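Have a go at each task before reading its solution.

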Amino acid sequence: MLTKTNNPDTSAANEARISDLLEQMTLKEKVGQLIQFSGFYDVTGPAPEGEREAQKHRLLQSGIIGSMLNVVGCDEVRTFQTWAVENSRLGIPMLFAYDVIHGQKTMFPIPLAEAASWDLDLIQQSARIAAIEASAQGLNWTYAPMVDVTRDARWGRVMEGAGEDPFLNAVIAEARVNGFQGDDLKARDTVASTIKHFAGYGFVEAGKEYNAAEIGTVTLFNTVLQPFRDVLQATNPRSVMNAFNTLNGIPATGDKVLQRDLLKEDWGFDGVVVSDWASAIEMIDHGFAEDSRDAARLAIQAGCDVDMESYVYLDHLEDLVVSGEVDMALVDDAVRRTLRLKLELGLFDDPYRYLDRDRERELLLSEAHLEASLSMARKSIVLLKNDGDTLPLRKQEKVALVGALAADKDAPLGNWRAQADAHSAMSVLEGFERAGLEFSYSEGVSVQVGEAGFEYPVMVNTGNRDGIEDAVAVARDVDKVVLVLGETARQTGEGRSRTELGLPGLQQELLEAIYAVNQNLVLVVVSGRPLVLSWADQHVPAIVQAWHLGHRSGQAITEVLTGQENPSGKLPMSFPRAVGQLPLYYNHLNTGRPNRREQVVWAHYSDVDNSPLYPFGHGLSYSTFSYSGLTVSIQSDHIAVNVTVTNESEIDGEEVIQLYIRDRVASIARPVRELKAFEKEMLKAKSSLVIELKLSARDFGFYGPDGAFRLEPGEFDIFVGGSSQTSLTQTIRLSSDQLRSLGQRSEIMK
Ligand code: BGC
């Protein structure tokens, strides 16, 4: 059983009220609470056509449906809420859910980019603002954050999470949940949050969207489930979404061990489990459910409370209970959870509490929110390479700006952009103009042909080279060429898996054509995932990873390029040298043949080095940091790790001090390194700071193949530095007694 730290209102009175309601509800009414429809028509427009649509419309008007997705705006929400409250027999209000992933109207950097900031306060603020804007549009439930650990950049959804490390995923998701839910779930500017996708979606085989996931128990418990567990323990998100994929052969939506036994029973989760979009009915295609009736039975029995857009609960759940195939107690439990969430949100006190058109008008895209998005964007940029101090650009330098993405006002909004207006971000070109830079611009080649929406595939430009000649001419005689290349917003996200991770389309050709006439290049990479930048790494002196940074992208990038902002981001995912290395992650096992370089028969590829091109935790600064004086001491209730960090340069800068451990010998092989703590600090020019990082007993433990947590004595290497490749290290020995006493004191062994 987990301990909750910021419980919402779960008073006994609430539970009694729910019981009272449950007693009054008919089976039909109960099932209604477990159905979620997506907003499928404009309520102020004509009534929807088609049999299913008409049925949904009737049910919504009768007020029996428990929740909706994709209904946004005070007026729209009010219409549905009025039907629920006034037309239904018991007046039960509805929940309104939406994918508020990195902003509502004001776009912040995509989650993977925010993760690169390692700045938990800013990340929390980003989620807070997203919740303020979402709630101002009548919403009370977001489907974020995604806490899937992601090791394979081929998967388009890596943009939605915090990358490859379970600890970083957990602490970032905690910041996000805290931001969304705030201190008071009843407040008008907070929304319930959802951790997703439970579980294993980040491990879809070969990075192919919706593919199967095969995960051994050790990786499942230590890597995939660990962040879910940590976030539930620390922050209490009020819902969990299951997943599209099968995990070891069982579709997550029908997985009883995961949802009912582990999440609800063992971990004591008392919130709502919502299906992923139509994931219940998809169990038929998985070959797990016979038909939609079977899918409904399997889903409810497995512990999936709410059916999003499968209609299997709508069509069959009532009958399944009447026929005795599904126990009424399961339905009651699921309904209790949805009613609990409604009570916790204060919807029974005032179902219209979010619906204030003045708030909606004033808060969306406010100057303060845009400013916060800019702060987040600045900190999310990662300087990958900067040979010969190519950056920052000097004032007197003649600069050419090249690339369609440099002028693109849409790409920075990223995928999952909620209510953002298309083409509304500040481009790099506008950022340059705003900063008063003198430069010439050429598009070179376009990246995609035409517009691409959420539903449509991107047509990559593979044929039109017309602009290359002009770009080469513009680049020929300048001091430096800034190339902005990479992915458009719709080349990442759901359904956007790729097998090639080079610069899409003709952009590599453009880069090489420019290089042929001018080698003073700065490459700004715009993308939703790690790309393969091996050619660029060999030829281009300065490379900046700029992701999709939200509304103020152009300004943030300009500030970093000109040195007004000293970059401080660190990679949350390893950048591969070649696609063939994937999945690639720093916290891998050592193998039995890690390093016999003089032979052929060791764990390696014959064509590419084992190491990533840029490792997890890597990120440069215009300052130079050094580390010294690492000490590790065992205190009564923690282990203290001290290190001196020095900014050797003349420039103030921020550094992310990272601590990794390695368990040398254990009953199962342990990763070569694991991130256990970090701290982001501002260091003034020519100054030093002594940083203390703390470890608890839990940091030295792990889950065994049986899912039980183990603390084993022995030797542990502690590494501290500015990336996962740091070599500064100390070794400590911890006895069973020491581990036990550390564990007992801080009560972390449970
Ligand atoms: C995604 C979920 C999302 C849901 C609702 C699905 O396609 O996998 O993450 O919350 O749609 O939009």
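**Exercise 1.** Find how far an N or O atom in the side chain of H197 is from an oxygen atom of the ligand.

*Solution.* Start at H197: an N or O atom of its side chain is 2.7 Å from a ligand oxygen atom in this predicted model. Next take K196, where the corresponding distance from a side-chain N or O atom to an oxygen of the ligand is 2.8 Å. Then turn to D99, which places a polar side-chain atom 2.4 Å from a ligand oxygen. Finally, look at the cover: the ligand taken alone exposes 310 Å², and the protein buries 94% of that.

**Exercise 2.** Work out how many nonpolar, polar and charged residues the shell around the ligand has.

*Solution.* First list the surrounding residues: L69, D99, Y143, R157, K196, H197, M241, F244, D276, W277, M308 and E494. Then sort them by class, which gives six nonpolar, one polar and five charged residues.

**Exercise 3.** Describe how helix α16 packs with helix α21.

*Solution.* Locate α16 at residues 367–380 and α21 at residues 553–562; their axes are 9 Å apart and the angle is about 45°. That angle therefore makes α16 oblique to α21. For the handedness, α16 passes α21 in a right-handed crossing.

Note on methods: Residues are numbered from 1 along each chain as its sequence is written. This is a predicted model: local features need pLDDT of at least 70, side-chain atom pairs count only at pLDDT 80 or more; totals for chains, interfaces and linings use all residues. Side-chain values use heavy atoms; hydrogens and water are left out. A residue is near a molecule or strand if one of its heavy atoms lies within 4 Å of it. A polar contact is a pair of N or O atoms within 3.5 Å; within protein, one must be able to donate a hydrogen and the other to accept it, and residues adjacent in sequence count only if both atoms are side-chain atoms. Accessible areas come from the Shrake-Rupley method with a 1.4 Å probe; for residues, only the protein chains shown count as cover. Ala, Val, Leu, Ile, Met, Phe, Trp, Tyr, Cys and Pro count as nonpolar, Asp, Glu, Lys and Arg as charged, and the others, Gly among them, as polar. Axes are lines fitted to C-alpha atoms, for helices over the stretch in contact, and angles run from 0 to 180 degrees between N-to-C directions. Helices (H or I, at least four residues) and strands (E, at least two) are DSSP runs, numbered from the N terminus. Angles under 35 degrees count as roughly parallel, over 145 as roughly antiparallel, 65 to 115 as roughly perpendicular and the rest as oblique. A crossing is left-handed if the near helix is turned anticlockwise from the far one by less than a right angle, and right-handed if clockwise.
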